[in-house]
Amino acid sequence: MAEVGIFVGTMYGNSLLVAEEAEAILLSQGHKATVYEDPTLSDWEKYKDQYVLVVTSTTGQGDLPDSIVPLFQAIKDTLGYQPDTRYGIIALGDSSYTHFCGGGKQFDALLQEQSAKRVGEMLLIDAGEHPEPESESNPWVEQWGALLK
C-alpha cells in the first residue's frame, strides 16, 4: 500500500479536521498516512517518491494560511523539478469571495509547474454550501485512496 504525507494549511482548524479524517480513512484502506500540521520541507521530501495530500484553506485575497506558507515557499525556491511526486489537493474556501479556494489552486499550480503528477481531480469545498467540510471530503478521500498503488 502507499505512504501518504498529509500537509495542512489552516486558520481556524477546518483543514486540520479534514486532514485528520483523511488520515483515518487512508489508514482504514491499508495505507500509511501521517498528518503534518506545521509542515516543513524535510517533511515533504520524505514523500518525494510516495504520495502527498495537501489540505488547505484560503485566506484574504486567495492566499495560503500562514501555517503552510513556509512549506510553499521552500518548495518553490528549493525543489524545482519533482516528476516523481504524486499528489492530491483538498481546497477549502468560500465562493462569496473573488479568489475561491485560491490557496489550494496556488499549490496545484506550483506542483504542476514542477512536473508533479496530480492523482484525481482537485476537491474544492465551499464553506457557504458545506459548513461541515468533512461531509464532502470523506467520500472524495475514499475514492482518492483507491487510486493509490
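Helices (H or I, at least four residues) and strands (E, at least two) are taken as DSSP runs and are numbered from the N terminus. The model is predicted, so to speak of local features a pLDDT of at least 70 is needed, side-chain atom pairs count only at pLDDT 80 or more, and totals for chains, interfaces and linings use all residues. Residues are numbered from 1 along each chain as its sequence is written, and side-chain values use heavy atoms, with hydrogens and water left out.

**Exercise 1. Describe the order of helices and strands in the protein chain.**

Solution. Begin with the totals, which are 5 helices and 6 strands for the protein chain. Then read along the sequence, where these elements follow the pattern β-α-β-α-β-α-β-α-β-β-α.

**Exercise 2. Find out whether the radius of gyration of the protein chain agrees or disagrees with that of a compact globule.**

Solution. The radius of gyration is taken over C-alpha atoms, and the globule rule is 2.2 Å times the number of residues to the power 0.38. For 149 residues a compact globule would have a value near 15 Å, and the 14 Å of the protein chain agrees with this. As a further step, look at the box that the C-alpha atoms fill along the principal axes, which is roughly 35 × 35 × 25 Å. Finally, take contact to mean heavy atoms within 4.5 Å; among contacts between residues at least 6 apart in sequence, 79% join residues at least 24 apart.

**Exercise 3. Decide whether G5 is buried or exposed, and list what G5 touches.**

Solution. The cut-offs come first: buried means under 20% relative accessible area, exposed over 50%, and partly exposed in between (1.4 Å probe, protein chains only). By this scale 49% of the 149 residues in the protein chain are buried. G5 lies in strand β1, and its relative accessibility is 0%, so G5 counts as buried. If residues up to four places away in sequence are not counted, G5 touches T34, Y36, Y47, Y51, V52 and L53. The C-alpha atoms of G5 and L41, which are 36 residues apart along the chain, are separated by 12 Å.

**Exercise 4. Compare the expected span of helix α5 with its span in the model, and say what covers its buried residues.**

Solution. The expected span of a helix is 1.5 Å times one less than its number of residues. Helix α5 (residues 134-147) has 14 residues, and its reach of 19 Å from first C-alpha to last is close to the expected 20 Å. The buried residues in α5 are E134, S137, N138, W140, V141, W144 and G145, and what covers them includes β1 (3-9), α1 (14-28), β3, β4 (86-93) and β6 (123-126).
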